[in-house]
Amino acid sequence: MSSDREGPLHGIKVVELAGLAPGPFGCMILADLGADVVLVDRPGGTGLPGPLQRSRRVVTLDLKSDEGREALLSLIAQADVLVEGYRPGVAERLGFGPDACLELNPRLVYGRMTGWGQTGPLAAAAGHDIDYLAIAGALEPLGRPGQPPHAPINLLADFAGGGMLLAVGILAALHERERSQRGQVVDAAMVDGSALLMTFLHGMIAGGMWRGGRGENLLDGGAPFYDTYRASDGGYLAVGALEPQFYAALLQGLGLAEANLPAQMNRSEWPELRRIFTERFATRTRDEWAAVFAELDACVSPVLTPAEAAEHPHNAIRGTFVEVNGVRQPAPAPRFARTPAAVPSAPQETTVSEVLTSWK
């Protein structure tokens, strides 16, 4: 967490203003990549779960006080990046909006993480992951036929379309700064990011490859060879046997290679094919089927719980999960051939003066 941390972002100094979910996730990525991230927390803290705050130094400031704002500005003056997740206009009212900060530090990359963005009719409105997905057109396709749309926890808007793209925007701005020698503002909006995640689906719609309603298409559980199936013990198997060779291996594993089955791509016969697969998967346990398909290249995998995922041999060998301060959590990603992997650590309390001394 100090300036001597290894990683591709070694030497990059980041000030993160405490927030919830997407902003901390984006800053966690920067910290995992070796940036020196200083989290400016509010008195009493945010109550955010520990893993999202890993590998940070933490200072506590009351940003509504003159003393707190002055201390923050002293950090911003030396930083490469500032990240805030307030509603539009709040940072400006508190005295550390983009204009004030870029005047103080012209090379600053100012990252703004919001749900609706800095402009538009909804900019000042409240919202959560499910709302941003809804307006982006990303929620309506998710779910089973005849059932309401179903949000996949808060993975898409908060983390994939929010924090992840915030980190990408900051990295791009840092790269551009090498040419221009000037900082800029990154407006990362979860509604924009959620819409961006739908690019492939828009292409499928335009190409006539997404023709049904919710849960009736090739990749949304509509196809019986791209879905999940319940095993005899209540566990599930994930089946992604799209291509002919994988579909043939699926049938082999299920003992149906010689059966007189409907054609794979005959949509009118998909309900019958699903019935056959459902009955067959229900004859063995999840792990028994996993053992069968471990010998076949069929794109069939056991559906693991978060706790089980860390124990899977593939993840264990790769070190996909680590333990920090007694909490098991995903390891940093991606990996770099010439840079040692970052080792996440628990957040540590510090002071503004200690941070400024280390940044000299």
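The side chain of R177 comes within 2.8 Å of the backbone oxygen of R107. The structure is a predicted model, so local features were kept only at pLDDT of at least 70 and side-chain atom pairs only at pLDDT 80 or more, while totals for chains, interfaces and linings use all residues. Numbering starts from 1 along each chain as its sequence is written, and side-chain values rest on heavy atoms, with hydrogens and water left out.

R177 sits in helix α6 (residues 155–180); helices here are DSSP runs of H or I with at least four residues, strands are runs of E with at least two, and both are numbered from the N terminus. Its side chain also makes a polar contact with the side chain of D80, at 3.0 Å. For such a contact, a pair of N or O atoms must lie within 3.5 Å; within protein, one must be able to donate a hydrogen and the other to accept it, and residues adjacent in sequence count only if both atoms are side-chain atoms. Leaving aside residues up to four places away in sequence, R177 touches D80, R107, R182 and G183, where contact means heavy atoms within 4.5 Å. R177 counts as buried because its relative accessibility is 3%. The cut-offs are under 20% relative accessible area for buried and over 50% for exposed, with partly exposed in between (1.4 Å probe, protein chains only).

What about the cysteines? C101 is buried, at 0% relative accessible area, whereas C299 is partly exposed, at 35%. With a disulfide taken as a pair of cysteine sulfur atoms within 2.5 Å, the count is zero. For C101, the closest cysteine sulfur belongs to C27 and is 14 Å away, too far for a bond.

Turning to the sheet, three strands form an open arrangement in the order β7-β8-β9, with antiparallel pairing; two strands pair if DSSP finds at least two bridges between them. β7 (226–230) and β9 (300–302) are the edge strands, each with a single partner, so one side of each has no neighbour in the sheet. On average, neighbouring strands are turned by 20° against each other, direction ignored. Strand β8 (residues 236–240) is joined to β9 by three bridges, and A238 stands opposite S301 in β9.

Axes are lines fitted to C-alpha atoms, for helices over the stretch in contact, and angles run from 0 to 180 degrees between N-to-C directions.
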